[in-house]
Amino acid sequence: MPDVIDRKITAERSVTNTRVIDAPREKVFNAWIDPKLLALWWGPRDFDNPRCEIDAVPGGRIHIDMRGPDGTIYPMSGTMQEVKAPERLVFTAIAEDHDRSPHLESLTVVTFEDLGGKTRVTVVAKAKGFTAAAPQMLGGMDAGWTQSIEKLDALVA
């Protein structure tokens with residue numbers, strides 16, 4: 001992963017999540033790159049995103065502050081690696097402490113397959129953790145992506 005420099009890896013995880021969404025590919029793709037729409041579905045159930053910024057061009061920055069049900073803010077920053085509308089997105093994401101120290105970094109590849117008015121979305125996320133908290137965070141990746149994609153489905157359907 002391009003942003004990782006001399007960090008001790010404490011854990012690694014890879015997840016793949018695929019779902020057919022009853023909406024056209026362009027609409028589904030747009031929900032990933034429009035910050036107002038992204039804020040409505042990103043993250044697990046019962047989380048919201050008081051800050052959601054994305055510059056959907058190669059080299060563009062991402063910043064999302066997820067807020068948990070208890071009010072805790074979980075900051076995430078990243079960089080867009082590839083944007084091929086409406087087919088593919090590749091980005092890094094770094095889950096950070098409030099002092100901007102990284103807990104983990106992931107490389108995420110999202111593909112959007114046109115199914116004639118429906119869209120098959122496949123998310124492949126590979127992550128490396130760097131702190132004692134990282135294994136627990138990585139353990140929630142599958143559920144987090146599943147719930148996020150369910151929220152995306154509900155938004156665009």
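Ala, Val, Leu, Ile, Met, Phe, Trp, Tyr, Cys and Pro are classed here as nonpolar, Asp, Glu, Lys and Arg as charged, and the others, Gly among them, as polar.

## Basis of the model

The model is predicted: local features need pLDDT of at least 70 and side-chain atom pairs count only at pLDDT 80 or more, while totals for chains, interfaces and linings use all residues. Residues are numbered from 1 along each chain as its sequence is written, and side-chain values use heavy atoms, with hydrogens and water left out.

## Largest pocket

The largest pocket has a volume of about 830 Å³. A pocket is an open set of points, on a 1 Å grid over the protein atoms alone, where a 1.4 Å probe fits, with protein on both sides within 12 Å along at least five of seven lines; lining residues have an atom within 4 Å of a point. The volume is the space filled by probe spheres set on the points, which are joined across faces, edges and corners.

Of the 30 lining residues, Pro 44, Met 66, Ala 95, Leu 104 and Met 137 are the closest to the pocket centre. By class, the lining comprises 18 nonpolar, ten polar and two charged residues. Helix 4 supplies the largest share, five residues; helices (H or I, at least four residues) and strands (E, at least two) are DSSP runs numbered from the N terminus.

## Nonpolar core

The largest nonpolar core has 36 residues, of which Val 28, Trp 32, Trp 42, Phe 91, Trp 145 and Leu 152 touch the most other members. Such a core is a set of buried Ala, Val, Leu, Ile, Met, Phe, Trp, Tyr and Cys residues joined through side-chain atoms within 4.5 Å, where buried means under 20% relative accessible area (1.4 Å probe, protein chains only). The largest share of this core, five residues, comes from helix 4 (residues 141-156).

Beyond its neighbours within four places in sequence, Leu 152 is in contact (heavy atoms within 4.5 Å) with Ile 21, Val 28, Ala 31, Trp 32 and Trp 41.

## Aromatic pairs

Nine aromatic pairs are counted; rings of Phe, Tyr and Trp (its six-membered ring) pair if their centres lie within 6.5 Å, with planes under 30 degrees apart stacked, over 60 edge-to-face and the rest tilted. Trp 42 and Phe 91 form a tilted pair, 6.3 Å centre to centre with 50° between the planes. Trp 42 lies in the loop between helix 2 (35-41) and strand 2 (48-54) and Phe 91 in strand 5 (residues 88-96), 49 residues apart. Trp 42 is buried at 11% relative accessibility, and Phe 91 is buried at 4%.

The rings of Trp 42 and Trp 145 have centres 5.4 Å apart and planes at 75°, so this pair is edge-to-face. Because Trp 145 lies in helix 4, the pair ties together parts 103 residues apart in sequence.

Note on methods
Buried < 20%, exposed > 50% of the residue type's maximum accessible area, 1.4 Å probe, protein only.
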